[in-house]
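Please look at the sequence and the structure shown below, and follow the strands, the helices and the contact between the chains in turn.

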Amino acid sequence: MLNLVVARTVAGSPVEIMPMETFEQVMTALVETQDSGSPPTQNLVSLREREVTLHADPPEAQPHLAQMTARLQASGLRVAVYVHGGPLAGGVGKNTSVIYNAQALSGTSTRAPVETQDVASLRLFLAMSSADLDTHVETQDFASLLRRVNTMTGLDAVTLGVGWTGWGSGPQPIAPECRPAWAAKVLEIASALTDLGVRTSFACGMPLCLFSRQQLGHLAALKVTWPIAWCTPQFHVEPSGQLRYCARLRGACGVHISDSRPFEQIARLSDRWSPMKAFCGHANGSSCRSLATRACGGGCLSHLLADWQGPAMAPVPPQAGNVTEGK
Amino acid sequence: MPNILLTNYCNRNCPYCFAKARVKLGTASGQWEMSPEELETVLKYLGPGRGLVSLLGGEPTLHSRYPDIVRSLAERGYDMKLFTNGTTPELRRSLPPASRGLFTIILNLNHPDTYTSQEWAQIEANCRCLGGRLGLSFNVFTTPVSWEYLREAIVTWKLSSVIRIGLAQPIHGTPNTFLTEAQMDEACQALVAMAEAVARDGISLGFDCGFRLCMFSPEQRGTLAECGTRFLFDCKPILDIGPELAVWRCFPFSNEPPVKLTDFGSLRQIEEHFDRRWGPEQARGNTPSCGSCHNRRTGTCRGGCLSRTVSLSRGGDGHA
């Protein structure tokens, strides 16, 4: 899975744009990695059916969006554009899927409210679109969430996020005592979406054991994309060309897309971090059969590393300087 | 993605074989092979860009030009999935370069007692050579279900950790061995126990088509999910392309008249043809309750294998 942030809006700051030169470096690294036949190739070409996601917030801020999309598609990759609203006309081709942040569309996001015409623009792509929906239990009114779900007829899929915090940035997003209620409500949402003909997928980082065995059995009878509990390298490229394991592991990698074999460096970091998942606090650690069979990714790695930041057990996070060729 | 039949003969003779109606079993030569021209025609239907080519037989590695076919497809950037019985040395001798796309091998492994010592030696040599590039396939065709040898093979030979699970289905008009409805409960319980047992070694199951949701209770499905099982409760046209570019909906329908590939403009049109042809039967499903089932309406279950439904309607013994 590859995520390229080609345009990003942060409140109070100018829009960050990925220059075409940086995009070309991504393409070069991608082709080199695919030709090398090394393990990261498998991650890049096979995970999530070779999909590349262009994060464009707002899409009209990236003047080369159409060109970038076409280049990736010509390489045999499926392209999705992730937006928080904004006009898309001319920005994406007919074979491009659109993922939109439903928080933004509903006006509940901290981002700027979306204009009506933006929503209309997105609806042009409805048949091939999906939406992201945060289900963070302490901030969501589930009744209103279900009402919003009922407006999503015609969507291809809705991704339910859990709203995990980034490395070292706060407490657990769903308190243990809230988990049974959260799981029951999420099951209700997935069931409602199934009745609407909409597929449910889950954003990364959720431990499988948030659901009971019975609830998992019911999820298996719904339109749900499996696995539901996963955490894999996202190969997240910032507008500046900085490459990360994922969007949430901020500043922990220090690899640039112009470095030698950048994707392989991230994959090695992933290999180094993966043993930590055996200490997953959710599911009895390494004896967990779901962890063994990869039915569960051990929760969010970012969250797991945050747990380890206590003074007694804090690990030294791998840095780019520690990663050398051939190791 | 359709299956391309490179040959219509196989040196094995599995009792449940789905291809029995069209494939000459127990022979290693002397039958039909797909020509280079026919293969080129099929590839034109796969669409632009680098796609997945699914190679099947008979036994595809018995094709006299098998090494050339694999090399050519790899050079042209296709990913390949090969279904094989694993008993020929050609399997390990004709591998595409590692840097050229994906080459997935599915080896259908029956109980070791059913092989000659020479056949088993070839399977062992292939598995040792191919390791994690090779996944095992297991067809459930009788009860009790004996599967322990699969775990031993995966652990010993360090094979892919996902086992493809197929349910043997009736082929109307052809005497193959298949699971009857009366055997389903026992078979499904065995699969849940198998999933739990192999999960300890990090091995999981992946369902092939023809399963019904209601074969498993929510508790059983939950257990399977915890053990990493890849669910599939679907039944749709696979498209098996064979001699003279004949196309069948899938192997269990190979006793039915095929269509010709070149009579259609796209693979999608052929799928739609078969959906129209078998729509009324598929709407019935395997069981009397399928018609009113909520999971059928939402599309999360297709009512089991269509061939089983058709077999039942024609007086077959799916309900033994």
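In chain A, strand S1 (residues 2–8) and strand S3 (residues 51–56) run parallel and are joined by 5 bridges, where helices (H or I, at least four residues) and strands (E, at least two) are DSSP runs numbered from the N terminus, and two strands pair if DSSP finds at least two bridges between them. This is a predicted model, in which local features need pLDDT of at least 70 and side-chain atom pairs count only at pLDDT 80 or more, while totals for chains, interfaces and linings use all residues. Residues are numbered from 1 along each chain as its sequence is written, and chains are lettered from A and ligands numbered from 1 in the order in which they are written.

With strand S2 (residues 16–17) of chain A, S1(A) pairs in the antiparallel sense over 2 bridges, and Arg8(A) stands opposite Glu16(A) in S2(A). S1(A) is mostly covered, with 5 of its 7 residues buried (20 or more other C-beta atoms within 10 Å of the residue's own, C-beta atoms being placed from the backbone).

In chain B, 10 strands form an open sheet of mixed pairing, in the order S9-S8-S7-S6-S5-S4-S1-S10-S11-S12. Strand S9 (204–207) and strand S12 (259–260) of chain B each have a single partner strand, so one side of each is left without a neighbour in the sheet. Strand S8 (residues 162–167) of chain B runs parallel to S9(B) and is joined to it by 4 bridges, with Arg164(B) opposite Gly206(B).

Turning to the helices, H8 (residues 267–284) and H10 (residues 306–313) of chain B pack at an angle of about 85°, their axes 9 Å apart; axes are lines fitted to C-alpha atoms, for helices over the stretch in contact, and angles run from 0 to 180 degrees between N-to-C directions. H8(B) and H10(B) are therefore roughly perpendicular, a term that covers angles of 65 to 115 degrees. In this contact (C-beta atoms, placed from the backbone, within 7 Å), the residues of H8(B) include Trp278(B) and Glu281(B), and those of H10(B) include Leu306(B) and Val310(B).

Finally, 25 residues of chain B are in contact with 24 residues of chain A. On the side of chain B that touches chain A, H7(B) gives the most, with 7 residues.

Definitions and conventions
Angles under 35 degrees count as roughly parallel, over 145 as roughly antiparallel, 65 to 115 as roughly perpendicular and the rest as oblique. Two residues are in contact if their C-beta atoms, placed from the backbone, lie within 7 Å. A residue is buried if 20 or more other C-beta atoms lie within 10 Å of its own, exposed if 12 or fewer, and partly exposed in between; C-beta atoms are placed from the backbone.
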